[in-house]
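Thanks, everyone. Let me take you through one model, piece by piece. Please have the viewer open.

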Amino acid sequence: MNKMKLLAGTILFGSLWGFSETIIGTYLHNTSLPAGAIMTGVFAIGLMAASRILYKQRGMQLGMGIIAGTLRLFNPCETCFICSAIAIMAEGAIFELIWYKMPLDLMELKKTTMSVSMGIVTSYVCFVGGYIVTQIMTPLFSSAGFYIENLLVFIPDILARGLIAAMIGGVILPAALLLKKVDIASVKDRLYYPVTATVSIACWVIVILNAIFILKVL
Amino acid sequence: MGKEKLIPIFAMVVLLIGIFSSVYVYATQVNTDTIKIANEAYTIEQIFSITKSRTVSTPDKVNFSGAALDDLIIKTGIDCLSCHKYKIVGSDNYEKTVTWENMQHGILTKDGTVAFSDLAKAFRVKNVVKIEVVD
């Protein structure tokens, strides 16, 4: 695929991920819903799987994680900006590791059992990995410091919380595979670039305006 | 063994880990009406009757009011306050270790939540059951 097209796609999907983490994630965290599991299962896995299916390119999801993590820095409600950004980037890196050996044509995911299983494994490992990264990074960047026993005693809880993310991933990946019929390379440039640019810019503008609005209110 | 068998097995293992961890977390949850501070048990009412109150604004712009954690520790008679670290433990085993300086910016609310004005949301411990003094 054309490198410019791939770059535009990475920025688009990364911006959508960052937008969902910053805007939707913030509101979800204020509800009694399992926000972290929903964010990983639906948005992180959904968008990373969709981009891998559409663009058939390794490394793209790590790039998405870097863009989404950067966009996450514009959240005035965040208490440890760099920690959340690194956790999102870690999810992108974990996805790349899990999917590294997966052939790009994704023929192995043709069977429902395989796609559901892959969704479960990917979502669970990304959630648990991202959560552990946050639990390490936040104390490291604080005045209190990091204590390994604080993390170890909480590991069963993290593993338990991942169950919901796993189940969501088991539904989201087979749903994302419906995009296999879409041939992104055949989309005409005069349509592709304006659409990807407009959506990406809209994500960034909304997140930045939201940050300014919240800072003014507070 | 091919991927077609291996990945579903991994998925099963992952689900079993999640289920057993959920059972473990539920079984080990501590439900108590008292908070143990340096091996002495106190009720929330006792704590509020002996300590000064404080309102803090956390870094995520949430206001909390409750008993001042530093005053609470002083009232329990611990020596050399800044020589120790303080481990705040929740009923779900979530725990965070903080310094004496952090305790001076912390509060315990009536519903048993500990929050700090100088520490991130990750340091907010709900349903606190124990405050340990560690070296």
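Start with a helix pair in chain A. Helix 2 (residues 35-55) and helix 3 (residues 60-72) of chain A pack at about 140 degrees, with their axes 9 Å apart. Axes here are lines fitted to C-alpha atoms, for helices over the stretch in contact, and angles run from 0 to 180 degrees between N-to-C directions. Helices (H or I, at least four residues) and strands (E, at least two) are DSSP runs, numbered from the N terminus.

A word on the source. This is a predicted model: local features need pLDDT of at least 70, side-chain atom pairs count only at pLDDT 80 or more, and totals for chains, interfaces and linings use all residues. Residues are numbered from 1 along each chain as its sequence is written, while chains are lettered from A and ligands numbered from 1 in the order in which they are written.

Back to the pair. Helix 2 and helix 3 of chain A are therefore oblique to each other. The scheme: under 35 degrees is roughly parallel, over 145 roughly antiparallel, 65 to 115 roughly perpendicular, the rest oblique. Who makes the contact? From helix 2 of chain A, A:Leu47, A:Met48, A:Ser51, A:Arg52 and A:Tyr55; from helix 3 of chain A, A:Met60, A:Gln61 and A:Met64. Contact means C-beta atoms, placed from the backbone, within 7 Å.

Next, A:Ala176. This residue sits in helix 7 (residues 155-176) of chain A. Buried or exposed? A:Ala176 is buried, with 22 other C-beta atoms within 10 Å. The cut-offs on that count are 20 or more for buried, 12 or fewer for exposed, and partly exposed in between. Leaving aside neighbours within four places in sequence, A:Ala176 touches A:Gly46, A:Ala49, A:Ala50 and A:Ile53. A:Arg190 is 14 residues away along the chain, and the two C-alpha atoms are 26 Å apart.

Now the interface. 34 residues of chain B are in contact with 29 residues of chain A. On the chain B side, helix 1 (3-28), strand 6 (95-98) and helix 4 (100-103) each give two or more residues. Helix 1 of chain B gives the most, with 15 residues.

Last, a sheet in chain B. 4 strands form an open sheet, order 3-4-7-8, with antiparallel pairing. Two strands pair if DSSP finds at least two bridges between them. Strand 3 (53-57) and strand 8 (114-116) of chain B are the edges, each pairing on one side only. Strand 7 (residues 106-108) of chain B is joined to strand 8 of chain B by 3 bridges. B:Ile107 has B:Ala115, in strand 8 of chain B, as its bridge partner.

How values were computed
Contact = placed C-beta atoms within 7 Å.
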